[in-house]
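Student: Could you take me through one part of this structure up close? I'd like to see how a single residue sits within the whole chain.

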Amino acid sequence: MKNSKIKTLDASDERQYMIHENYEVYVKHGAPIGAATFHYHNFYEIIYVAEGEYSSLLENQMYHLKKGDFLLIDANVMHKYHHIEKKHDSSLRIILWITKATLEQLSNGNMDLTACFHKHGYCAYHFPVQYEDMFHTYLMKLVMSELIEGQVAGSKEVMDRGYLTLFFAYLNLLCSTPEYLFKEEETTSHPLVTTVSSYIDSHIQHNISVDELAQQVHMSKYHFLRKFKDLTGVTVHNFITNKRLISAIAGLREGKSISQVYQDSGFSDYSSFLRNFKKTFGVSPGKYHELY
């Protein structure tokens with residue numbers, strides 16, 4: 001995989017945003033260093049394990065992936081890599097990032113290519129070997145930085161759109177088959193994160209204190225703070241802020257006004273909302289509202 005024609009991301013690369021406007025596909029080798037804390041983004045992500053093992057925590061559910069497994073991550077879902085010592089050193093993954101707008105353009109109104117990200121409660125799949133080989137082929141074509149021979153200007157982009165369309169058309173069809181979903185024993189849930197996340201969602205408009213959350217999980221404040229940070233990689237305060245921002249984005253996409261959005265999301269004042277929004281998304285709420 002060290003071929004110069006293959007697009008790669010170093011395991012230590014912490015980037016969780018897209019440089020290109022529509023989609024990006026990379027090969028990543030080894031245990032990642034830059035994804036060990038909860039993060040989220042406004043595009044879809046697919047992780048395909050080509051070799052070895054890999055584990056990921058999506059909000060409150062842990063997925064233990066092996067060779068051939070696919071993890072589908074919806075936009076604005078908090079997730080993180082979960083390190084297991086010596087287990088992931090030989091892990092090789094293909095990472096695909098793609099926007100909703102790009103999938104809608106590829107479908108041309110004929111098929112909802114985003115549906116695979118919203119099918120079931122679980123979002124990890126293991127397909128029969130013939131389909132896995134097909135998906136692997138499409139992904140490897142996409143991670144090639146250039147055509148091998150006979151390259152014509154623009155032909156790489158045209159072919160990539162074709163591979164993406166085929167990849168997502170088949171993926172959506174196969175994700176409709178429950179037998180390909182991960183079994184319960186292949187996942188691990190964290191009741192503490194589940195309880196905290198659900199409580200924040202149902203009280204998002206209000207001020208939420210650490211003491212309040214600690215009471216919900218029947219822990220002392222300081223034990224709760226340590227345990228939550230160990231599980232998620234972020235502080236309780238950051239987790240709440242991220243939840244508020246995700247709520248704000250949903251409101252903006254529904255067409256709500258900025259003033260209504262920041263209040264509905266529980267920010268104490270507009271300046272706090274503006275500061276956190278720009279820090280996370282790189283643009284102001286007004287610009288985001290204009291774009292989306």
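Tutor: The protein chain has 10 helices and 10 strands; helices (H or I, at least four residues) and strands (E, at least two) are DSSP runs, numbered from the N terminus. Its radius of gyration, taken over C-alpha atoms, is 20 Å, close to the 19 Å that the globule rule (2.2 Å times the number of residues to the power 0.38) gives for 292 residues, so the chain is as compact as a globular protein of that length. This is a predicted model: local features need pLDDT of at least 70, side-chain atom pairs count only at pLDDT 80 or more, and totals for chains, interfaces and linings use all residues. Residues are numbered from 1 along each chain as its sequence is written, and side-chain values use heavy atoms, leaving out hydrogens and water.

Now let's zoom in on E24, which lies in strand β2 (residues 23-29). E24 counts as buried because its relative accessibility is 2%; buried means under 20% relative accessible area, exposed over 50%, partly exposed in between (1.4 Å probe, protein chains only). Across the protein chain, buried residues make up 48% of the 292 residues.

What does the side chain of E24 reach at 2.3 Å? That is the backbone nitrogen of I19. A polar atom of the E24 side chain also lies 2.7 Å from the backbone nitrogen of H20. Leaving aside neighbours within four places in sequence, E24 is in contact (heavy atoms within 4.5 Å) with R15, M18, I19, I95, L96 and W97.

Terms used
Polar contact = N/O pair within 3.5 Å; in protein donor to acceptor, adjacent residues only side chain to side chain.
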